[in-house]
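Okay, thanks everyone, I'll keep this short. Let me put the structure up and then we'll walk through it.

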Amino acid sequence: MPNPKPTTERRSIESPELRATKRDDGTMVISGYAALYETRSQDLGGWSEVITAGAFRDVLKSGPDVVALFNHNPDNILARTTAKTLKLREDKTGLYMEAELGDDELSRRVYSQIARGDVRGQSFAFVAGSDTTWNDDYTERRVNSVAGLYDVGPVVYPAYSDTTVAARSREAAMKEREAAERTNSTEQKPKQEPNTKGKPMNWKELQARSAEKLAEATKIKDTADAEKRELTPEEVESVETFLAESEADERQAAALKSVEERTKKIVQPEPRQVPPQVPAPQPKPVHVYGNTTRMNLRHYTPQLFGGSWQVANEAAYRTGMWLAGALFNHNESRQWCESNGMEFRAMAGKINAAGGYLVPEEMERAVINAIDQYGVARRLCRVHRMTSDVLVVPIRSAGLTATPVGENEEATETDKTWANAELVARKWMTLTRYSSEIAEDAIIDMADDLTREIASAFAGTEDDCFFNGSGAGSYHGIRGIWYLLENSGYTGCVLDAASGVDTLAEVTVADLSQLIGKLPDKYRAGATWVCNPLTKAAVFDRLFTVQGGGPGTELAGAPTNNYMGYPIVTSEKMYAPATPSTASNDKCPIMFGNFSFGCSFGDRRMMAVRTSDQRYFEYDQLAIRGTTRFDISCHNAACGTSAGPVLGLLLTT
């Protein structure tokens, strides 16, 4: 980047659409408007500034070397045009930038701050063109062209502007005009036609110039039509610029004309007409989201929504109003949602029955949190957000090894190797029904109840696939951990209990200790016991009590959730026999290991809901259907003859 010249100026705005996104390959990108056309700036010290539409056109055509900086600091480089990591373009709104960030600490920090909304400003450094003009009283400056463009980028304080150079330019212009007026008065030159160049135009002149710009754009189009061809990229750019300038002149002309007409009415006011007496409109009652009182909600709690019951109650009320509007077609609820920034976003499908409405963020957060309460799959697996229907996840298959090396001997090179696990988004559905008569005072309870029902159904499905999936169509092709350990011959991940131990009542401390000892050291941190609630009571709680682990605590209703220093997670979808004494030869009731290394959970999209008023017509009830898309891959559980991150205890005769 060239050193800033003495005439370099900086401007900052609160940029619309400043956002941080990620591409499919994970590249971080920030984008937004660095400058806005035909928009009056904040007070810059007794005057304001407007950038004319098309002001950046010529400087962008010259291909300038522009860098993207954070807070205008040359030590904080984010991207550059000559490196093709920074793209600049102008449209009818202003100067738009798109910066492709690198994988460094500064880029990650700036991307995160923009994504969270901590940084909302954009700025640019420039040199104003020689055709920059001032109005008669020097309260407005118009930048008609930009002669130099040096940097753009996000800033923390968008209201800050460096106006020193412009202020000097203003003072010089004022002194030049005063000197010219004194000279004309002294020499008494004959009156000349006024030079309107650089002076504000009246509304008629602006309308005429707008028509000229429109005619230029039409001429380009007519030429292409006559030659029976498409517009070239340069012609498209010219047409867009002419149209933007024409529209800007038309808006300014309309404003000046309105001011002129209003001024005439003030000078010659029209006779006052007394309007007929009508009753004043009564204000509509404003709904209060409740106070800090607990409302006995199970899934809209302060821990999930900012720490107070008032915020949690508000989230539940917003969810309920959205459900009433989207699913029950309640007009007042739909109007309320539109007034409070809640969208009814449709989720398209190949057929009508596959569509629905994407639920609001409040309900999605509550559903996912409830799924974590009711199920264990998401808690145990490594969760991947899928941005496409298929996601290939790299998994570690072998690591580096150390070899002995003598004096002046060359070391043997070893490589860390990777394999791939493929996640394919699969669709799942749950169905429930509700009364067609929903009162506003029941909306919060409806939101909480529907969240519980849908989350419970999805959690059960996820856990069933995670443990018991056999690869059949009923499991969407998913093969679960229990199925792999019991049916696929992966002897390295299975430990046979002691001879004759084929019931839960016979499992001993030695069996569990051997299972811990079989797990490789690299998977011990974060390892977990997983079993059915019946298995926990018949094995872990029994051994804990027999070993003197505090029977009084057990009988008081506070059983331990840890054994040998590792947490115990229970799921009803895990296998368990009918009773602790039921023989279960060749069954795997207990698993142990670090599931996040061996299992991946792909989450494709948030939940969508849809309603039908025909399915339960005779009951005066509505059918509510929820859908989601996910996949589970238990890749490192299939470890062959080597011990992997997930092990199973197999009961034997």
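I'll go from the overall picture to the cores and then the salt bridges.

So, first off, this is a predicted model. The protein chain has 15 helices and 25 strands. Of its 653 residues, 42% are buried. Contacts reach across the sequence, too: taking those with a separation of 6 or more, 72% are between residues 24 or more positions apart.

Now the cores. The largest nonpolar core has 55 residues, and F466, L512 and W529 touch the most other members. Take L512: leaving out residues up to four places away in sequence, L512 touches V507, W529, V539, F540, L543, Y563, I590 and L649. There's also a second, separate core of 34 residues, with A55, L78, A99 and V152 among them.

On to charges. How many salt bridges does the structure hold? We get 27. One of them pairs R23 with E98, with the closest N and O atoms 3.5 Å apart. R23 sits in the loop between β2 and β3, and E98 is in strand β8, so the pair ties together parts 75 residues apart in sequence.

Another one I like is D631 with R426, 2.9 Å from N to O. Here D631 is in β24 and R426 in β17, so this pair links parts 205 residues apart in sequence. Is D631 buried or exposed? Buried, at 1% relative accessibility, while R426 is partly exposed at 22%.

How values were computed: Residues numbered from 1 in each chain as written. Predicted model: local features only at pLDDT ≥ 70, side-chain atom pairs only at ≥ 80, totals over all residues. Heavy atoms only, no water. Helix = DSSP H or I, 4+ residues; strand = E, 2+ residues; numbered from the N terminus. Buried < 20%, exposed > 50% of the residue type's maximum accessible area, 1.4 Å probe, protein only. Contact = heavy atoms within 4.5 Å. Core = buried A, V, L, I, M, F, W, Y, C linked by side-chain atoms within 4.5 Å. Salt bridge = Lys/Arg side-chain N within 4 Å of Asp/Glu carboxyl O.
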